[in-house]
Amino acid sequence: MTRPTPRSTESGLPVDPVLGPEALAGWNPAEKLGAPGSYPFTRGVYSTMYTGRPWTMRQYAGFGTAAESNARYRQLIEHGTHGLSVAFDLPTQMGHDSDADLASGEVGRVGVAVDSVEDMKVLFDGIPLGEVSTSMTINAPAALLLLLYQLVAEEQGVAAEHLTGTIQNDVLKEYVARGTYIFPPKPSLRLTADIFQYCRREVPRWNTISISGYHMAEAGASPVQEIAFTLANGIEYVRTAVAAGMDVDDFAPRLSFFFVSRTTLLEEVAKFRAARRIWARVMKEDFGARNPKSQMLRFHTQTAGVQLTAQQPEVNLARVTVQGLAAVLGGTQSLHTNSFDEAIALPTAKAARLALRTQQVLAYETDVTATVDPFAGSYVMESLTDDVEAAVLELMDEVEGRGGAVAAIEQGFQKAEIERNAYRIARETEAGERVVVGVNRFRIEEEEPYEPLRVDPTIEARQRERLERLRAERDRAAVESALTALRKAAAGTTENVLAPMKEALRARATVGEVCGALREVWGSHVPTEAF
C-alpha cells in the first residue's frame with residue numbers, strides 16, 4: 001500500500017499522514033500537559049473551561065458616529081452578545097481629531113470617531129457599564145480611551161473597581177505590522193507601564209494590555225511567527241514594568257493576548273496550546289512569577305479576516321465556522337467571529353447577527369463544550385504542539401539574540417520575516433498550489449449582487465460641528481491648565497501621566513489635543529530605513 005505524501009503546515013512544519021505511538025516516544029504527559037487549569041496550562045487556563053459556561057462572545061463593531069455604533073451595540077446585546085468590542089476610526093487610533101487635516105476622508109470609515117468625552121457618552125448611552133465587559137481595539141492612545149470610559153462610568157454612578165474589559169494597548173506590534181503608532185518606542189513603553197500602575201490602583205479588574213499577534217497574522221505572519229513575535233513583545237512589556245519598580249505578580253494577572261484563528265484547524269489548536277505552555281514557563285522561570293494567574297496566557301481570538309474573500313462571500317460563513325471551532329478547541333477565553341461580508345465593506349446588521357449565531361451554534365448545538373481539551377493525548381495533536389513549540393522557541397531566541405523585541409523591531413527583523421512569509425503565500429495562491437475556494441478554484445462566472453453597508457458621507461461634517469460646539473462651550477482656561485499639567489508630568493520621569501491626562505479629558509480636552517500635548521514633549525515616531 002502506497003503511503004500518502006506528507007503535507008506541511010502553514011508554518012512549514014511537516015505533518016505525517018499517519019501517526020502512532022512512536023510519535024510520542026518518551027513523551028511525558030505530566031510534564032507536557034498537566035491538569036486543566038494547572039501549570040503549564042497546555043490543556044487550558046481554567047479547570048472546567050467551557051463545561052460550566054461558554055467563552056465570552058464578543059462582536060467587534062463600530063462605525064460612523066457614536067450614535068450609530070451605540071445602536072449596533074444595543075442590537076448585539078439584545079441578540080445575546082456577552083461583551084462589546086469597539087472599533088475606532090483611523091484618526092482616533094492616530095490621536096487626531098475629526099477636524100484635523102490628516103483626518104479628512106477617514107472619519108468614521110473603519111470604526112467609530114471619538115473626539116472627546118461627549119462622544120464617549122453617546123457611544124455607551126443606555127449601556128450599563130457595570131454589567132458589560134468592553135474590549136477596545138486602541139493602541140497608541142489607549143490610555144485616553146480607557147480614561148474616557150472611566151469618566152462615562154462615573155457619570156453612570158459605576159465605580160471604577162466594577163469595570164471589566166480590555167484595552168489592546170500593544171504599541172510594539174504597531175511598529176511591526178499596522179503603523180498606527182504616535183510616539184517613539186521608549187515613551188510608548190513608559191505610557192504602558194503607567195497604565196499598568198494606574199489600573200492596579202484605580203481599575204483593578206481591567207485587562208491592561210492585549211498583546212496582539214492578530215495583526216501580524218493579517219499582515220502575513222505564519223502561526224509560528226505570530227506566536228514567537230507576540231510572546232517576544234510580551235516579554236518586553238514585562239521587563240518594562242519590572243524595570244519601573246513593579247512586582248511581576250502585581251500586574252501580570254491582568255495581561256492578556258489576542259490571536260487569529262485560521263481555517264487550518266489542527267495547527268491552530270496546536271498553536272494555542274504551545275503558546276500557553278511557553279508563556280507559563282517564561283513567567284515562572286524567567287520572571288519568577290509565583291501567582292498561577294501570572295503564568296496563565298489568557299487570550300481573545302478573532303477569526304481570520306485575511307482569509308475572507310469578496311468572491312462568493314457566503315462561502316465565508318463556512319470559513320468562519322471552521323476558524324471559530326479551531327479557537328474553541330484551542331481554549332480561547334473570548335471570541336469574535338467575522339461577518340461574511342467584511343471582505344467587501346463594513347458588515348451589515350444581518351451579517352453581524354449571523355456571525356454571532358455561528359458562535360451560539362458552536363456553544364449550544366455541538367458537544368465541543370462537553371469536555372476540556374478534547375484533543376489531549378492525540379498522537380497528531382501532541383506531536384504538532386511539540387513541533388510548533390520548538391519552532392516558536394527557536395524564533396524567539398533569534399529575537400532575543402538581536403537584543404530583544406524593541407531592538408529587533410528597530411532592525412526591521414520581524415517586519416521583514418512577515419513580509420517574506422506573505423510573499424510566499426501570495427506566490428502559492430497565484431500558482432494554484434494553495435487552494436482558495438471561489439478565487440483560484442471552484443469559481444463561478446457571475447457573482448450575485450450584494451448591497452454593502454455604506455457609511456454616511458456627512459459624518460465628517462457633523463463631527464466637525466460637534467467639535468466646534470464643544471470648544472465654544474467648554475472652559476478654555478481649565479483645558480489649557482490641565483494640558484500644561486500633563487506636559488509637565490510627561491517631561492518628568494516619576495509622575496504617572498494618567499492622572500493629569502484624566503483631568504484634561506474631564507475638562508473636555510479632545511483626543512487630538514491631549515495627544516498633541518504629549519507629542520510636544522515626547523515627539524512623534526518617524527520610521528527609520530530599517531522599517
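**Close-up views of a predicted model**

Figure 1. Thr92 counts as buried because its relative accessibility is 1% (buried: under 20% relative accessible area, exposed: over 50%, partly exposed: in between, with a 1.4 Å probe and protein chains only). The model is predicted, so local features need pLDDT of at least 70 and side-chain atom pairs count only at pLDDT 80 or more, whereas totals for chains, interfaces and linings use all residues. Residues are numbered from 1 along each chain as its sequence is written, and side-chain values use heavy atoms, with hydrogens and water left out. Thr92 belongs to helix α3 (residues 90-93) (helices, H or I with at least four residues, and strands, E with at least two, are DSSP runs numbered from the N terminus). Leaving aside residues up to four places away in sequence, Thr92 touches Val112, Ala113, Val114, Ile138, Pro141, Leu145 and Val511 (contact: heavy atoms within 4.5 Å).

**Figure 2. Ala241 in helix α9.** Is Ala241 buried or exposed? At 0% relative accessibility, Ala241 counts as buried. This alanine is located in helix α9. Its contacts, not counting residues up to four places away in sequence, are with Phe196, Met246 and Phe251. Ala113, which is one of the residues that Thr92 touches, lies 128 residues from Ala241 along the chain, and the C-alpha atoms of Ala241 and Ala113 are separated by 31 Å.

**Figure 3. The aromatic pair Phe124 and Tyr149.** A search of the whole structure finds 14 aromatic pairs (rings of Phe, Tyr and Trp, the last by its six-membered ring, with centres within 6.5 Å; planes under 30 degrees apart are stacked, over 60 edge-to-face, the rest tilted). One of them joins Phe124 and Tyr149 edge-to-face, with 5.1 Å from centre to centre and 90° between the planes. Phe124 is in the loop between α4 (117-123) and β5 (133-137), while Tyr149 is in helix α5 (residues 142-156); the pair thus links distant parts of the chain, 25 residues apart. Phe124 and Tyr149 are both buried.

Figure 4. Because Phe229 lies in helix α9 (residues 223-243) and Phe413 in helix α17 (residues 413-431), the pair ties together parts that are 184 residues apart in sequence. Both Phe229 and Phe413 are buried. Elsewhere, ring pairs join Phe257, Phe259, Phe272, Trp279 and Phe299 into a cluster.

**Figure 5. The lining of the second largest pocket.** How many residues line the second largest pocket? Its lining holds 38 residues, and those nearest its centre are Glu10, Thr263, Thr264, Gln307 and Arg434 (pocket: on a 1 Å grid over the protein atoms alone, an open set of points where a 1.4 Å probe fits, with protein on both sides within 12 Å along at least five of seven lines; lining residues have an atom within 4 Å of a point). The elements β1 (7-8), α8 (214-218), α11 (265-286), α15 (379-401) and α17 each supply at least two residues of this lining. Helix α17 provides the largest share, seven residues.

**Figure 6. The buried side of helix α20.** Helix α20 (residues 498-506) contains the buried residues Leu498, Pro500, Met501, Lys502, Ala504 and Leu505. Against which helices do the buried residues of α20 pack? They pack against α4, α5, α7 (185-202), α19 (476-491) and α21 (511-522). Arg508 follows α20 and has a positive phi, near 75°.

**Figure 7. Backbone geometry in two loops.** Most residues other than glycine have a negative phi, and most peptide bonds are trans. The peptide bond from Tyr39 to Pro40, however, is cis, with omega near 5°. Pro40 is part of the loop between α1 (29-32) and β3 (56-61), and Met49 is also placed in the loop between α1 and β3. Although Met49 is not a glycine, its phi is positive, about 45°. Met49 counts as buried because its relative accessibility is 11%. Asn169, likewise not a glycine, has a positive phi of about 55°. The loop that holds Asn169 runs between β6 (164-167) and α6 (172-178). At 3% relative accessibility, Asn169 counts as buried.
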